[in-house]
Structures are given as structure tokens and as C-alpha cells.
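Please read the following explanation with the sequence and the model side by side.

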Amino acid sequence: MKSLKKLFISAALFSLLLSGCTNEQDAVSQPKTEQATAQKTETKSVTTENLEIPEKLKKPIKIAAIMQMSIGTFSSQYISGVKEQVEKFGGEVQIYNADNDLSKMASYVETAITQNVDAILLDHGRADALQGPIEKAVAKGIAVVAFDNDLNVPGITVIDQDDYSLAWKTLKTLAEDLNGEGEIVTIWVGGFTPMERRHVIYDAFKKRYPNIKEVAKFGTASANTALDTQSQMEAILKKYPNKGDIDAVFATWDEFAKGAVRAIQQAGRNEIKVYGIDLSDEDLQMIQQNNSPWVATTATDPAEVGRVQVRFAYQKIAGEKTPNIYSLEPHLVKKSDLPNEQISMKQLGEYIEGWGKSNVAVSPWMKALEEQVKK
């Protein structure tokens, strides 16, 4: 009797369990089908919406690109990137060069506001000179994207090349090549946000490698920086005329590196190696020269910096959320990693992993906008 009772209870429990599983399966499977349909519809809806060109971008966009200074091939390739991306989007861009005059740069911002531009792109500059005018621009609804700037204004995006990483990758390579000891010349100038950041790392580098001694330090930003640097480096070489007096040069800007390289080559002192920051087609040609003392540099693609800045501006105009800050990933480019034949910046990605592959600030509708412009 007890066994029969147990059998009855077990059968009842199995029946309930089976019924529960069946009901649960029905309850789950039905919503899954509905959910899949809903997801499919939602995905289609979102995709269609994202591909549609935002209303504010259906007319040509006016942009003011304001530069603290435009010196050397890095700046020219940066401008090229800005113009290229704006042209693809069917917009208009006016370039302003403040010739290293911050008050002039601030006045250009005021001019752009008066002209009712849709976006302002800043190249370098400092917050102490630009804070007020930029706050006024933001209040007026103008999209603002700054490059290598110390501004901290709600509503704007500040991009940079990660100057700390730029400096460290170059300096670490220098230290490894010198096996942690030697005499170096540093070329640096203050008064620029990226330079100040690079110097923070240089100070840390000196503590990390105490057996690497600085024998000279100089630097001037001028209308002829490379030429001025060459003259200054020639004077340093005369002061330290013997092989072994100087092992390497750390140049915090490619214009500095170019001047140092030319001075070293003319003096026949190619035992002195140059380690730089930034890269352009002209720089690449110098690095690839036979017996070039320029052995390494860390950089981002200047044209891509310009393109990214423009894309962030268009996203802002479209009403999309953009980050307050964004750092582009720099790459170490060593002479030893490059081929014997001369290459251009466009070909660099074949030899330096990750170079030129940025997909930053890209929205689905941008392709539709480019296609519309082509028509």
C-alpha cells in the first residue's frame, strides 16, 4: 500500500513537472519568436534611421579651421586631411593661420562666430587665450572640436595624439638603443600644450634613466624652425666636437628633428642618432636616406587627425553624442622597419601595423552623405 502510494505521488509529480515544462516552453518559445521579430524590425528601423542624412547636414556646412601656426609638412598634411574630409561631405572650410599669435587666434574665433559658421576647428592654442571666445561659440550652438589644446569647456571635444605616449615610445627606444647610458641633446620649446605634455614624460625619463645625461637643451618655434634649429645644432656640434661627446638627439617636434639631422649630416657626425616625434612625407624621405642619423620617430597620421576632427564636428552638428576628449593612438616608426625603396605616408601601413587604420568618429549616414555629394 505504501509502495502504491509512492508510485501515485511520483506519477503526479512527473505529470505536474511535464505540464510545467510544456507550459514554460510555450511561454518562452512564443515570446522568443515575437522578440526575434521585434528585434528584426527594430534593427531595420535603426539601420534605416542611421543611414538617413541628418536634417542639419542636408545643406552645405560652413567650417572655420583656426590654427595657432602653420609650419612645416606636418601642418600642411593636417590641413590636407581637413580639406579632404570637408570636401567629401560637401562642406566649406576657411583656414585661418594665427602665426603663433594667441590674441590673433582668439580674434579669428570671434570672426567665425560673427560669420555664423556651423563649426570651429582649433589646431593648438591655449585655454587662457581662447576660453572666453569658445564659450561664446558653444552658447551660440556652434560645434567646436579642438586638437592639441588644453581647453575644458562643456560641449566641445578635444582630441590629441596622446603626447605622453608619443614622448615615451620615442624616449624608451632611445634608452634601449643606448643601453641605458650616454650623452644626449634635447630640443624642446615651451608655450604649447603638446610640448608641455611631452616634457612631463621627459622629466620622468631622466629619473628612470639616470645614466643618460643631458649635455645641451634648446629650441625655438619660429617661421623657419627647421633652419633655426640647424644653426643652433651646428653650434652645439662645435662645442662638442669629438666622437662620443654626443650619442643622441631627442627632438620633440619633427621640425626640430629635420634641423638637427641636416646639421649632423653636414658635420659628418652620423654617429649621433636622432629620435623624433611626428611624421610627414618629407620626414619619411629623410629617415629613409642612406646612413640617415634619424633612426626613429613616434607619430600619428597628420591627415587622419584632420579627418577625425572634421568627422567629430559633423557628428556634433547632427546632434550625436561625442566624447569630451579623445586620444589617437600613436605608432613608433623605426628606420629598421622600413624598406630600402622610398615609400610615402600612404604606404606606411604596409610596414607599420595599425598605421592609417583609424575608424574614429564614423557614423553610418556619412557614407550616404558622401554618395550624395558625388551625385
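E110 has a relative accessibility of 29%, so it counts as partly exposed. The structure shown is a predicted model. The side chain of E110 takes part in a salt bridge with that of K136, with 3.1 Å from N to O. This pair connects distant parts of the chain, since E110 sits in helix α3 (residues 102-114) and K136 in helix α4 (residues 127-139), 26 residues apart. K136 is also partly exposed, because its relative accessible area of 43% falls between the limits of 20% for buried and 50% for exposed.

Side chains of opposite charge can pair when their charged atoms come close. A second pair, E282 and R262, forms a salt bridge whose closest N and O atoms are 3.0 Å apart. E282 is partly exposed at 27% relative accessibility, and R262 is partly exposed with a relative accessible area of 27%.

A salt bridge can also lie within one helix, as with D203 and K206. Their side chains meet at 3.9 Å from N to O, which counts because the cut-off is 4 Å. How far apart are D203 and K206 in helix α6? They are 3 residues apart in this helix (residues 193-208), so about one helical turn separates them. D203 is partly exposed, with a relative accessible area of 33%, and K206 is partly exposed with a relative accessible area of 33%.

Some charged residues are joined in a network instead. E84, K88, D301, E304, R307 and R311 are linked by salt bridges in this way. Over the structure, the count comes to 25 salt bridges.

Next comes the confidence of the prediction. The mean pLDDT of the protein is 87, and 87% of its residues reach 70 or more. Residues 1-49, however, have a pLDDT below 50, and this stretch has 1 contact in the model beyond near neighbours in sequence. Where pLDDT is low, the predicted coordinates should not be read in detail.

Which residues lie nearest the centre of the largest pocket? They are D301, A303, R307, M345 and K346, out of 14 residues that line this pocket. Two of these names, D301 and R307, also belong to the salt-bridge network described above. The volume of the largest pocket is about 300 Å³. Helices α2 (72-88) and α10 (302-317) each supply at least two residues of its lining. Sorted by class, the lining of this pocket holds 6 charged, 5 polar and 3 nonpolar residues.

The model also has 1 cavity of 30 Å³ or more. The largest cavity has a volume of about 220 Å³. Its lining is made up of 17 residues, and M69, F74, H124, W253 and D278 lie nearest the centre. By class, the residues lining the largest cavity divide into 10 nonpolar, 4 charged and 3 polar.

Terms used:
Residues are numbered from 1 along each chain as its sequence is written. This is a predicted model: local features need pLDDT of at least 70, side-chain atom pairs count only at pLDDT 80 or more; totals for chains, interfaces and linings use all residues. Side-chain values use heavy atoms; hydrogens and water are left out. Helices (H or I, at least four residues) and strands (E, at least two) are DSSP runs, numbered from the N terminus. Buried means under 20% relative accessible area, exposed over 50%, partly exposed in between (1.4 Å probe, protein chains only). pLDDT is the predictor's confidence in each residue, from 0 to 100. Contact means heavy atoms within 4.5 Å. On a 1 Å grid over the protein atoms alone, a cavity is a set of points where a 1.4 Å probe fits but cannot get out, and a pocket is an open set with protein on both sides within 12 Å along at least five of seven lines; lining residues have an atom within 4 Å of a point. Grid points are joined across faces, edges and corners, and a volume is the space filled by probe spheres set on the points. Ala, Val, Leu, Ile, Met, Phe, Trp, Tyr, Cys and Pro count as nonpolar, Asp, Glu, Lys and Arg as charged, and the others, Gly among them, as polar.
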